[in-house]
Amino acid sequence: MGSSRLICSFIAASLIHVPLSSGVGSCVPRGSPELASITIQATGRNLTLVGKRLCWSDALFYCRDFHWDLLSIRGPEDQEMVDELVASAPFPLTRPLWVGLRRSIRGSSWFWMSGDPMDFTQWDEASHHSSPCAGVSSVEPSTWRPGSCEEHLNFICFTGTTEVVKRYFSSSTRIPTC
């Protein structure tokens with residue numbers, strides 16, 4: 001984590017690079033906090049926490065338009081980076097944050113929209129898997145839990161993948177606003 005960097009960007013075209021020491025960094029947003037984002041560079045990827053609040057499908061389309069995809073958490077190291085990113089947020093966050101978790105239409109198996117394997121899980125023991133969308137908690141302990149796909153939440157995107165993965169694409173004929 002000592003080699004991580006924190007990048008804060010805002011719609012007002014500000015871009016601030018802040019070196020992280022001991023996993024701590026800070027940004028002062030300029031402009032509307034809903035339009036701010038914060039990025040950590042680590043594990044071969046950039047993880048971006050977006051200050052905008054969208055429903056799950058709109059968050060997916062946003063990440064695919066401006067980054068690569070909604071975040072897939074591949075292991076404990078990625079989970080630690082999510083915790084670091086959340087702790088560094090200079091804007092208020094929703095309690096859960098959308099990530100690229102999706103439950104298959106038939107059955108109860110979960111998958112990452114990015115195509116990454118589901119080798120690691122951090123499910124909240126009290127969670128019920130009734131919704132096809134899931135997010136990660138922005139408070140301790142940072143566990144995963146399903147949520148209403150229509151709920152407008154902050155979300156985490158990623159870019160800079162060093163692996164070739166098969167992404168799951170979804171399409172819709174409706175206007176992409178939930």
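This is a predicted model: local features need pLDDT of at least 70, side-chain atom pairs count only at pLDDT 80 or more; totals for chains, interfaces and linings use all residues.
C157 counts as buried, because its relative accessibility is 0%, and the cut-off for buried is under 20%.

C63 and C157 form a disulfide, with 1.9 Å between their sulfur atoms. Look along the S-S bond: the angle about it is -70°, which makes the link of C63 and C157 left-handed. C63 sits in helix α1 and C157 in strand β10, so this pair ties together parts 94 residues apart in sequence. C63 is also at 0% relative accessibility and therefore counts as buried.

Next, show helix α1, residues 56–66. Which residues of α1 are buried? They are W56, S57, D58, A59, L60, C63 and R64. Residues three or four places apart on an α-helix point the same way, because each turn takes 3.6 residues.

What covers the buried residues of α1? Select strands β4 (45–54), β5 (69–70), β6 (96–103), β8 (133–137) and β10 (153–159); the cover includes these.

Stay with β8 and pick C133, which lies in that strand. A disulfide joins C133 to C149, S to S 2.0 Å. The link of C133 and C149 is right-handed, with 105° about the S-S bond. C149 lies in the loop between β9 (144–147) and β10, so the pair ties together parts 16 residues apart in sequence.

Check the accessibility of both ends. C133 counts as buried, at 0% relative accessibility. C149 is buried too, with a relative accessible area of 13%.

How many disulfides does a search of the whole structure find? Two.

Notes. Residues are numbered from 1 along each chain as its sequence is written. Side-chain values use heavy atoms; hydrogens and water are left out. Buried means under 20% relative accessible area, exposed over 50%, partly exposed in between (1.4 Å probe, protein chains only). Helices (H or I, at least four residues) and strands (E, at least two) are DSSP runs, numbered from the N terminus. Contact means heavy atoms within 4.5 Å. A disulfide is a pair of cysteine sulfur atoms within 2.5 Å.
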